[in-house]
Amino acid sequence: MDYKGIIAKYKDVPGGIIEAFHAVQKQFNYLPEEAIVEAAKIFNVPVAEAYGVATFYSYLSVEPRGKNVIRICESAPCHIAGADEVVAALERELGIMMGETTDDGKFTLEYTECVGQCQATPVITVNGKPYAGVSPAQIAAILAEYR
Ligand code: FES
């Protein structure tokens, strides 16, 4: 389905523009500029306002992202438990820095706040699936599941 079709489904839903953005992102992994412009038309708001909504929520991204989005929890308990070393392992394995996407479009690295898995820190998520208590030594095997 194209952006227009997805967005139009939420036209009459209260606060529908956020849900529409969510749905577009689910399909395309980010919010392309054309989708934001289309949403502005459909919800009858200025483009700047639609863009403001798209950039306000940290779970929405206006930057192209990889097929697999890896998030690393940067809240204090994970940080103390060694999230930095996990970040270094991810950056080394993928050859990109935090916030970047691999050239083949397969992986994006992002930070996140606590994802509620603090019983075993540090925590990463891959496409929303949590991996708790990860160590740098486990990173290669976790990535292999998604390569
Ligand atoms: S602090 Fe990292 S999951 Fe809660």
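**Close-up views of a predicted model**

**View 1. Helices α3 and α4 are oblique to each other.** This is a predicted model, and here we zoom in on a pair of its helices. Helix α3 covers residues 33–43 and helix α4 covers residues 47–56. Their axes come within 8 Å and cross at roughly 120°. As for handedness, the crossing is right-handed.

**View 2. Here is where α3 and α4 touch.** On the α3 side, look for Ile 36, Val 37 and Ala 40. Their counterparts on α4 are Val 47, Ala 50, Tyr 51 and Ala 54. Sort the residues of this contact by type and you get seven nonpolar, no polar and no charged.

**View 3. Strand β1 is mostly covered.** The strand takes in residues 68–73, and six of its six residues are buried. Pick either face and the story holds: Asn 68, Ile 70 and Ile 72 are buried on one side, while Val 69, Arg 71 and Cys 73 are buried on the other.

**View 4. Strand β1 pairs with β2 and with β3.** Strand β2, residues 107–112, runs parallel to β1, and six bridges join them. Strand β3, residues 124–126, pairs with β1 in the antiparallel sense over three bridges. In that pairing, look for Ile 72, whose bridge partner in β3 is Ile 124. Both Ile 70 and Ile 72 turned up in the previous view, as buried residues on one side of β1.

How values were computed: Residues numbered from 1 in each chain as written. Predicted model: local features only at pLDDT ≥ 70, side-chain atom pairs only at ≥ 80, totals over all residues. Heavy atoms only, no water. Axes fitted to C-alpha atoms, helices over the stretch in contact; angles between N-to-C directions. Helix = DSSP H or I, 4+ residues; strand = E, 2+ residues; numbered from the N terminus. Parallel < 35°, antiparallel > 145°, perpendicular 65-115°, else oblique. Left-handed = near helix turned anticlockwise from the far one by under 90°. Contact = heavy atoms within 4.5 Å. Nonpolar A, V, L, I, M, F, W, Y, C, P; charged D, E, K, R; others polar. Buried < 20%, exposed > 50% of the residue type's maximum accessible area, 1.4 Å probe, protein only. Pairing = 2+ DSSP bridges.
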